[in-house]
Structures are given as C-alpha cells and as structure tokens.
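Please read it alongside the sequence and the model.

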Amino acid sequence: MQYLLNTYSRFDVEFVRGENATLWDKDDRDYIDFTSGIGVVSVGHANVRLSNAISEQASKIIHISNLYRISPQEELAEILVTKSGQNAAGVFFCNSGAEANETAIKIARKYGEVDGEIKRYKVITLENSFHGRTISTLKATGQTKFHKYFGPFPDGFEYAKDIDDIYNKIDEKTVAVMIELIQGEGGVNPFDIEKVQALEDKLKKQDILLIVDEVQTGIYRTGKFLASNLYGIKPDIITLAKGLGGGVPIGAVITRLTDVLKPGDHGSTFGGNYLSTRAGIEVIKILDEYKKSGQLKEIIEYFDNKLVEIAKEFPDKFDSISGYGLMKALKAHSTEIRDEVVAQAFEKRVLVLKAGIKAVRFLPPLTITKEEIDEGFHRLKEVLKSK
Ligand code: PLP
C-alpha cells in the first residue's frame, strides 16, 4: 500500500474471490458481505451470467470511443428510458456517480441559458446530502466537512435544511433542485413521499428542474427499478451509477431534456463503452427476472424481519430502522456504539457500512440468499451479545 495515496482508511484484509454475498480472504476465511462494494455489486460477486457477458464482449471489442456508434450503448439507453416509467427520452453515459451529477448540473445550467447568457444557474441541494467528490459535486454536497481545503468552489449552489426549506431558497436565479430521495451517505434517511410529490408539483409550475440523484437508490435497490417509481414522481433528470454495472464502472443520466446539450457541449472518453454498457444490459436482465419471479420481494422481507429482530433484541444499542428495500440502516444510540459494531462485525467476518452519524448501513447484493442472510445476522448477533 505504500505507493497508494492515503485517501482511504482500509480494513486490513484482501479478498481473493467471492460468490454472491460471500467473500474469501487469502487465508480462505469467509466473510458475509452486507455492503456489495457500497451498493455496486447488485447481482452478487462472480455472477456467472455477468462474467460471461463481460468476457464475451471483451473478446470482441472493449472500447472504440464515442466517435462511432456503439450498439450496446444504444440498447442500454433504450432499456433505461423504457423501464424508467418516466417522461425520459434520452440517456448520457459516463463512468461514475459524480460524473453523472456533473452532467445533470451542466444540463440544468444550459437549460437556464437564454439568448447565450446564463440567466438562471442556481441549484438548490440539501444539507446532509452526498453528490460526489469532484469540485462541483462536492459543492453540491451539503455537508461542510467535505468542503474544507478545496475551495474556491463554483458559485450557484445553495443548501436547504430539508424539503420544506427548499421553498425558502427558491429565487429568480434558481434553475434546479437536486435531491436524493433517500440520503445514503447522510445516514439512510428517506424523505416523506407526499412532501416530495408536492415539491415536484411546485417545481413544475415554476419551470424549475427536479434532478433526482439515484446513484445509490437506482436499479432495484429499493425494490423498485428506481426510487422515483417508489415515490411516484417523474423528475426532469435522474442520475444513476453504482448498481447499474454490477461492478463495472458506469454512470448514466436519464432525462426528458434531449435537446439541451449539443455536440461539443459535453462528453466522456470512456462513457458508454462496449464493456460497461454490455454489463449494464446483463445486470438489468438478471434483476428483471429476479424481480418478476418474486424473489426480490421475498428476500427484502426476509432481510427486514432479521433487522426487526435485531432492533428488538438489542434496544440498548439501536433505536430505529430506516430505509427501503435492501438499502437499510440500524440507527445506533451513539456514534461510539455504531463504530464499535462496525469494527467488531468485521472481526466476526460480516461486512457492514457506516453512514451519517449513527447508522449501521446495509447494502447487500440484491441476490443475497436466505442462508447468507442467516449467517450474517448470526455473526452480527454474536457481536452484539459480546458487548
Ligand atoms: N451520489 C450519491 C447519492 C452517492 O451515494 C454517491 C456515492 O456514494 C455519489 C453520488 C458519487 O458516486 P461516485 O463515487 O461513483 O462518483
């Protein structure tokens, strides 16, 4: 590790192979993975269908640039538009969540342009949000702890405390509101569905764009294809990444605004290449079947019951459960308790995540089995009993 920049505090383990929600380290010790690489490995580790699709594609063409037509890119765009249930009509592909959000901000800024001048540019985001690590998406992220050292930032972002407070921040310069429906990194905090619907309504009336960051919530994470489907809304722009490629880097922006960006306005060398879009197609096929068969619903319920059990059994540690689908958290009474649980869980070989101030976050592969869930919660209980 000595040649790596010191940007992560890592657990001292190296995984050498995986199968669905189980990982093995180099001493062949097994770990239950309730993290899926932070919501990425949606179809599990070493998924045979995904790895076959990628290998087959790699043996033909991996990358060709966006100077030429790319058929899996066109196919994945059509799938996303069709499945989204939105007014969406077009997709831009990039490589990460931050890039998808950058693209969304650029679309909004250009939308705010009139006669060659940016008349409306302000993007309202929420406190406690997380939108990425590039300079603009960091500025869009309403958590000041991330802003230290990196200014000056681009102008034109303002933070609202919560959904209600967004109305107070709207002025004649406002072009867009960008929100997560369930704040992930912020601690797994879902917003009230009715409030979000009312916000959508109000913004539409004022011609202010609603951008929904579904980087973490998209692609069945909440049980629905998009969290926007769960919330019954049709945002102007939706951003995706994480679970879409099942581990192959990909970001996507779905929008109804197909005529805002013109050739030369935006682009990406890698975005939408053969490999990542082929992966995206296969991931969605796998998950569509999984959802249709009723297995996704069944596994979500199974996981939920285990969380309820734990919360009931250890009221001294946790006060509530939050989230939807397989994006869940146990809210601990304190940061210290949370940190201890996450660290001890690792020692018992079950991987869980931290989020916000007090959340133990669960983002397992959507294809996790009941046996893996049982084993993971069995290990977690051992941790909680020993404290
Ligand atoms: N938006 C949300 C809601 C996220 O959860 C994340 C990552 O955690 C991002 C954006 C940034 O995505 P990436 O790390 O792929 O740039």
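How many bridges join E1 to strand E2 (residues 22-25)? The points below begin with the answer.

1. Four bridges join E1 to E2, and the two strands run antiparallel. Strands are DSSP runs of E with at least two residues, helices are runs of H or I with at least four, and both are numbered from the N terminus; two strands pair if DSSP finds at least two bridges between them. Within this pair, Glu19 stands opposite Thr22 in E2.

2. This is a predicted model, in which local features need pLDDT of at least 70 and side-chain atom pairs count only at pLDDT 80 or more, while totals for chains, interfaces and linings use all residues. Residues are numbered from 1 along each chain as its sequence is written, and side-chain values use heavy atoms, with hydrogens and water left out.

3. E1 and E2 belong to an open sheet of four strands in the order E1-E2-E3-E17, with mixed pairing. Strand E1 (15-19) and strand E17 (350-351) stand at the edges with a single partner strand each, so one side of each lacks a neighbour in the sheet. Helix H12 (residues 370-385) lies across E1, E2, strand E3 (30-33) and E17, at about 100 degrees to E3. For this angle, axes are lines fitted to C-alpha atoms, for helices over the stretch in contact, and angles run from 0 to 180 degrees between N-to-C directions; contact means heavy atoms within 4.5 Å.

4. Strand E12 (residues 209-213) is largely enclosed by the rest of the structure, because five of its five residues are buried. Buried means under 20% relative accessible area, exposed over 50%, and partly exposed in between (1.4 Å probe, protein chains only). Leu209, Ile211 and Asp213 cover one side, and Leu210 and Val212 the other. E12 pairs in the parallel sense with strand E9 (residues 174-179) over four bridges, and three bridges join E12 to strand E13 (residues 237-240), also parallel.

5. There are 31 salt bridges, each a side-chain nitrogen of Lys or Arg within 4 Å of a carboxyl oxygen of Asp or Glu. One of them joins Glu289 to Arg49, with the closest N and O atoms 2.9 Å apart. Glu289 lies in helix H9 (residues 274-292) and Arg49 in helix H2, so the pair ties together parts 240 residues apart in sequence.

6. Asp316 and Lys317 also meet in a salt bridge (3.2 Å, N to O). Asp316 is partly exposed at 48% relative accessible area, whereas Lys317 counts as buried at 8%.
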